[in-house]
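Here are a few friendly notes to read alongside the model. Take them one at a time, and keep the picture open while you do.

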Amino acid sequence: MGLVPYENEKYQDWSDAKVREKMRAALSTVGGRLGRSYPAIIGGKRVETDGEIVSVDPSEPSRVVGRTARATEREADMALETATNAFGTWSRTAPEARARIMLRAAAIMRRRKFELLAWEVYEGGKPWSEADAQVAEAIDFLEYYAREMLRLKDGIEVYSVPGEESRYSYMPMGVGVVIAPWNFPTAILTGMASAALVTGNAVVMKPSEFTPVTGAIVAEIFEEAGVPDGVMSFLPGYGSEVGDYLVEDARTRFISFTGSMRTGLRINELAARQIPRQRWIKRVIAEMGGKDAMVIDDSADLDSAAADIVKSAYGYSGQKCSAASRAILHADVYDDVLAKVVERAKALKIGAPEAAEVNVGPLISEPQFEKVAGYIEAGKGEGERVLGGDPGDPEGGYFVEPTVFEVERDATVAREEIFGPVLSIIKARDFDEALSIANDSPYGLTGGVYSKNREHLERARQEFKAGNVYFNRTITGALVGVQPFGGFGMSGTDSKAGGPDYLPLHMLARTVVERF
Ligand code: NAD
């Protein structure tokens, strides 16, 4: 196929008044569509359920963004059965044809870009630039995985012995259950589903119960792009109600999951148990949480370091698995960096992200708000709060101010994933200690070092225990195809989304040898 070389989708230039006007128009159009209902899609049919999920705007929880089906085991069973039946034909469909469908989905997303951004603002509580980066990432996944499938479709070269031909190639696996989180409701759902689909698998796609409307739009786009009926089912539901069923079922061949450590470990455990009629060891691709650290040494450019700590810690209110939640500062620069971080964090504008100038929107939900409020209370007893206040009444929106704690390395707020705008600042006496604090975590997703010291950077290159390590820059916003993303330890199964090893996780490698 004669495709242009892969390139990341460009971001919007929000300084351009025309671009801002387009966004306002999309917010107004989508604003007029709030409150609609979205059924499940199984085998190409719209399926209503007895219950519903009511998705609300986290900036204004009394505003209903949409109502979706709420799948039970009955619909989960239908979706798995439909996928099982659809797998045969789809798995034999030419990889080029499957890739074209992904490219078409990317084109549709590009055409509907501002509308998608507006859904992110209303349902995800995302500021404009965060929504933009996320939809661009979804498009990147589609474009990149389409090209990756074309690269892998004829297999990989291996040696043959004289008189024989050895061929090493990949084949589709079966039915994949895709379980997504709410924090990147377009990008992660699209990325996980497109990887599973383009490799020839049939997919049951379960969005997060907090962002099911965005999930419905993604499903609609896959349908419109030409994913055949049954090859992709859209199954909005609560993890607690259908999650175990989908994972445990004998028809499930693999589970592609992104979410918390707790859920990921449960899925891994349930998937490992063999049940009657099961004919394979289920594969689990899991991307989980993080407690990501930035180390600032005594040679660093302190202004840039502070600016990038603030961006990494408070982008999307800290609700990114890659967010900096620990800043580990060399004692000699501690006071300076702390002051600069606080000054910059104070300048962030908090509010409902319908407004262009907002940098920090709400948290996604009341449970998340309560959880973060609990950590703030705990942090006050563990160290000094140098920025932030007590969260207010959640009825007015799930807003939490950017918060900074000075704490010791073993404080709860410095160890557990909070998933909110809460940064722990920890003092280290030297670079050795800073690196050892950074690595003293069961997680290992992202990490960063700010330094001009070549020896420190080279050591961190070898020793920083994280799947994505960044030097002298932010630690969030991994670009598809450029910064393959995924973590070590309790951050996941070391899969790297948006990288060259990702698609083979969704396929079976086969060796065929013929003697002549
Ligand atoms: P979560 O684990 O609560 O939910 C994730 C998904 O799992 C949802 O769709 C949920 O319905 C489903 N689920 C819940 N219980 C289930 C069960 N028993 N069986 C099957 N599915 C079940 O996570 P969340 O709150 O939606 O997302 C935030 C978490 O995701 C954070 O920990 C964050 O670090 C992590 N995350 C990781 C990455 C990464 O790439 N490593 C990216 C984004 C988010």
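1. Start at S260: one of its polar side-chain atoms sits 2.6 Å from an oxygen atom of the ligand. Please keep in mind that this is a predicted model, so treat the distance as a computed value.

2. With G239 the backbone takes part instead: a backbone N or O atom lies 3.2 Å from an oxygen atom of the ligand.

3. How much of the ligand does the protein bury? Taken alone, the ligand exposes 850 Å², and the protein buries 89% of that.

4. Now look at the whole shell. It has 28 residues around the ligand, and A180, E209, S260, T263 and E417 are the closest. Sorted by class, 13 are nonpolar, nine are polar and six are charged.

5. Where does the ligand lie relative to the domains? It lies between domain 1 (17-288 + 494-515) and domain 2 (292-479), because both give residues to the shell.

6. Finally, zoom out. The chain contains 15 helices and 21 strands, and its C-alpha trace spans about 70 × 60 × 50 Å along the principal axes. A compact globule of 516 residues would have a radius of gyration near 24 Å, and the 23 Å of this chain agrees with that. Buried residues make up 59% of the 516.

How values were computed
Residues numbered from 1 in each chain as written. Predicted model: local features only at pLDDT ≥ 70, side-chain atom pairs only at ≥ 80, totals over all residues. Heavy atoms only, no water. Near = heavy atom within 4 Å. Polar contact = N/O pair within 3.5 Å; in protein donor to acceptor, adjacent residues only side chain to side chain. Areas by Shrake-Rupley, 256 points an atom, 1.4 Å probe, with all protein chains shown as cover. Nonpolar A, V, L, I, M, F, W, Y, C, P; charged D, E, K, R; others polar. Domains from an automatic or database assignment. Helix = DSSP H or I, 4+ residues; strand = E, 2+ residues; numbered from the N terminus. Rg over C-alpha atoms; globule rule 2.2 N^0.38 Å. Buried < 20%, exposed > 50% of the residue type's maximum accessible area, 1.4 Å probe, protein only.
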